[in-house]
Amino acid sequence: MFNAPRGAQRYTAPANGLGASFVDENPLAASVYDGLDPWSAAPSPSPPPITTVTSAFSSVIADATVPSIYDKAFTAVDVTNSGETSVNALSRVLATSSLPATTIDRIVNLVSSRPRVSKLEFFVALALVALAQSGKDISVEQVAALAAENNLPEPTLNLDAIQSSNSVFSAPFPNYRQNSTAVRVTAPSYASDDPWSTPRFRTNSTGGGISDYNSPRSATTNGAPSSLSGSGMPKDWWKKQEHVGVSIQGQQGFILNRYTVYEISTYRGAPVHRRYSEFVFLWDCLVRRYPFRLLPALPPKRVQPDASFLEQRRKGLARFLNAVINHPVIKEDGLLSVFLTEPSLETWRKHSSVSTEEESTSKRIDRIEEMTIPSDLEDKLAFVRGKINPLIEQWQRICILAERIIKRREAAAVRVPSSLRRTYLPAHFAFPPFSSPSLEFSGAAGSSRASIFSHGGSTHSDDHALDEQADLARLTNVLRVVVEVNERCWRGDECELCDGVRQGVSHVAVHTQRQSDLLEQRTSVLLYSTLEALKSQRDMYIAMRDLFIRHDRLSGDNTDRLKKRVDMNSLKLEGIKAAQKDNWHVEADRIVGIIEKDQATIASLLNRRVFIRASMWHELRVVLHNRENALLSQLVQTFARDEQSFADSVLNNWQALGNAVEGMPFE
C-alpha cells in the first residue's frame, strides 16, 4: 500500500538503467536532488540516519525553546521551505541588526563555512546577533550555555527592511508558502483511522441535501463532433492554463497514525486541506472513470519520510493536479471540482455517493465523430508506443542532468556522505563547471558523452566550483568591513583620497551583493519553474505509457462469445418452435429474453469499442500531440528569455560598477 495506486504500471529501466551505456545504475536513482527514486514501484523504506555537517549545532540549540523571531526571520528567506538558505540571505538578515560590518562578517564565518546555511546554523547566528547587541562576547559556547538554560536571547531585527532585488526573470508559479511548523486552525480534523479500512466507494446516501456524483461531468457528453483540421484545442490555450498550488501545512495524528496535511490553492475559492490518502482516493476514482485518458501517476508513499522526500512528493502532487485540471475532458469532472473546493473531503464522502462507472457508460460517440477516427489508428498508436520507452529514458536523464546543473549553480551541490557513496558513481558528481547555460542544456538534451560523462575524477574536484554565490556574499561582507575600518584617515582631518577610495570600495560591495542576488534569483526560477516543467514533460510520457498498459488490459470484451451464444440460442429457439411441446411458449419466451439481453450487451460493447477508439484518438491527437510540443516550446522560449535577462542584468550590474568607480582618486 506504500506505493499505491501505481501498481505494476511503473517504468522498469533496462538492467543497467541506461541500456548500452557505460553508466551502470538507474539514472533516476542517482539524482542529486531527488535522493532515492520517488517514482519506484517498490516500497521505499526510510533511509538510514546520516551524520551531516550541521550535526554539531544540534547540540548547541538542543531542545531549547526558540523565540518566534527566529522562525519569522528564517521563513522570510527560506521561501521554498527547503530547511536551509544561502549565505547571501543570512547576510541580508544580519544587516538589519545595525551591527558593525566586522561583527556581521565574524558571525557569518562562525556559523558556516559552506555555501548554504542550515536552519540550526541560522538560529545560532541570530543568537550571536542578540549577544552582540547586548554587548556580550559572541561565541558559540555562550549560545550553548543560554540554550541549556532555555533562555535563548532575542535579537532586534528590522525584517521589513529585507529587500530582495526585483527579479529579472519570468515569474515562476505563484508562491504558495509552506508552513512546516503547525497546521492552520481551519484545517479539517481527520479521523485517525485509515480511510481505506472502510468501503472505498459509497453507493447509498446517508444524509439530507446530498449531491449525487454517480456520473462524471464532461463538456463532451454525447461526443461533440471533432475535426481533423486544427489542433482540437482553443486558440492560445497554453496561455490560459489554470494553476494549482500545493504546499505542506504540517502533520497531524499521533505516532503510527501521523500524516502530512497539504494545502491546495486555486483560483476557484478558498484553499482546502488534503492528506495523501485523499489524493489516492481521487486518483483511484479518476483512473476508473477515465481509463482511456492521459492521467499522470501519483508519487509514492514512504514509511517515516524525511523532509527532502516530502518536498519531492509535494512537487509530484502539484504536477499531478496541474495536469488533470488542464485536461480537456477530466477538468470537467465533478469529483475533481469537489476535491479542489470542498473544505472537508472526509465529511463530504460520508454524505455523498461516488460512482466509478467507466466514462463510456454515460457517453456515446455520434456517427460524425466516429467518421473522424482514422482507419489506421492502430498503426499510429503502434508508432507512438514504440517511441514511449526511449522518450521516458531520455527525459529522465534530462531531468537528472538539469537538477545537477541547477544545484551547482546554487552552489549547494551535495557532498555525499561516505555511508552513501556506494550508491553513486564518481561520474555522477564529477561534472565540469559549466560556464554557458546553452551548453549545459544542449548537453542535457543530447546526452553527449563528450560533454557530460567524459569528465571523471573525485568528487572533491568540484569544490572550487561550488562556492560562487556564497563567496560573493562573503566578499560583500569583507568589503563592508574594509570600508568600516577605513572610515577615518590617520591624518585626522578630511582626506579626499581616503574618502574617494572608500566610496569606491562601497560601490563594489553594493554590486557584488547585487550579483549574488541575481544568482540566487536565477537558481530559484530554474528549480521551481524550469525544472518542474521538464519533469511535467517526463510525467506526460510516463502517463502515455500507462495509458497503453491500461488499454491492453481493459479494452478487451466478450462480444465474440456473446455472438456465438446468441446464434446457439437462436437455433435452440427455432427447434422449440418447430417441436411445439407442452409449455413451449414459456421456454421460448425465456430464450427470447436471454437473446435480447445478450444483443443489448453486444450493442453496448460495440459502442464501447468505438468510444475507446475515439478516446485514444483524442488523447493522441489533442492532448499528447499538443502538450508535448506547445509546452516544450513555451519552456524553451521562457528559458532563453530568462537566461538572456540574467546575462543582460549581469552586464548592466558590472557596467554600473565601472561607471560608479570611474572617478576614484589616485592622489
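Asn583 lies in the loop between helix H17 (559-579) and helix H18, which covers residues 584-660. Helices here are DSSP runs of H or I with at least four residues, strands are runs of E with at least two, and both are numbered from the N terminus. Asn583 has a positive phi of about 55°, although it is not a glycine. Most residues other than glycine have a negative phi. With a relative accessible area of 64%, Asn583 is exposed. Buried means under 20% relative accessible area, exposed means over 50%, and partly exposed is in between, using a 1.4 Å probe and protein chains only.

A note on the source. This is a predicted model, where local features need a pLDDT of at least 70 and side-chain atom pairs count only at pLDDT 80 or more, while totals for chains, interfaces and linings use all residues. Residues are numbered from 1 along each chain as its sequence is written, and side-chain values use heavy atoms, with hydrogens and water left out.

Another asparagine has a positive phi: Asn150, at about 55°, and it is not a glycine either. Asn150 is found in the loop between helix H6 (140-148) and strand S3 (212-213). Its relative accessible area is 44%, so Asn150 counts as partly exposed.

Now confidence. pLDDT is the predictor's confidence in each residue, on a scale from 0 to 100. The protein averages 75, and 72% of the residues score at least 70. Over residues 1-55 the pLDDT is below 50, and beyond near neighbours in sequence this stretch has 134 contacts in the model. A contact means heavy atoms within 4.5 Å. Residues 412-466 also stay under 50, and the model has 89 contacts for them beyond four places in sequence. Where pLDDT is low, the predicted coordinates should not be read in detail.

Next, the sheet. Which strands form it, and in what order? Three strands form an open sheet in the order S4-S5-S6, with antiparallel pairing. The edge strands are S4 (245-252) and S6 (272-275), each pairing on one side only. Neighbouring strands of this sheet are turned by 35° against each other on average, direction ignored. Two strands are taken to pair if DSSP finds at least two bridges between them. S5, residues 259-265, pairs with S6 over four bridges in the antiparallel sense. Glu263 stands opposite His273 in S6.

Two helices go with these strands. Helix H7, residues 276-289, lies across S5 and S6 and runs at about 85° to S6. H8 packs on the sheet and touches S4 and S5, its direction making about 135° with that of S4. For these angles, axes are lines fitted to C-alpha atoms, for helices over the stretch in contact, and the angles run from 0 to 180 degrees between N-to-C directions.

H8 covers residues 307-324, has 18 residues and reaches 26 Å from its first C-alpha to its last, close to the 26 Å expected. The expected span is 1.5 Å times one less than the number of residues. H8 is mostly covered, with 15 of its 18 residues buried.

On to charges. The structure holds 25 salt bridges. A salt bridge is a side-chain nitrogen of Lys or Arg within 4 Å of a carboxyl oxygen of Asp or Glu.

Which residue does Glu378 pair with? Its partner is Arg613, with the closest N and O atoms 2.4 Å apart. Glu378 lies in helix H12 (residues 377-409) and Arg613 in H18, so the pair ties together parts that are 235 residues apart in sequence. Glu378 is partly exposed at 43% relative accessibility, and Arg613 is partly exposed at 27%.

Glu359 forms a salt bridge with Lys363, and here the closest N and O atoms are 2.6 Å apart. Are these residues buried or exposed? Glu359 is buried at 2% relative accessibility, and Lys363 is buried, with a relative accessible area of 2%. Arg293, Glu359, Lys363 and Glu619 are linked in a network of salt bridges.

Last, Ser91. Ser91 has its place in helix H3 (residues 87-94) and counts as buried at 2% relative accessibility. Leaving aside neighbours within four places in sequence, Ser91 is in contact with Val108, Ala473 and Asn477.
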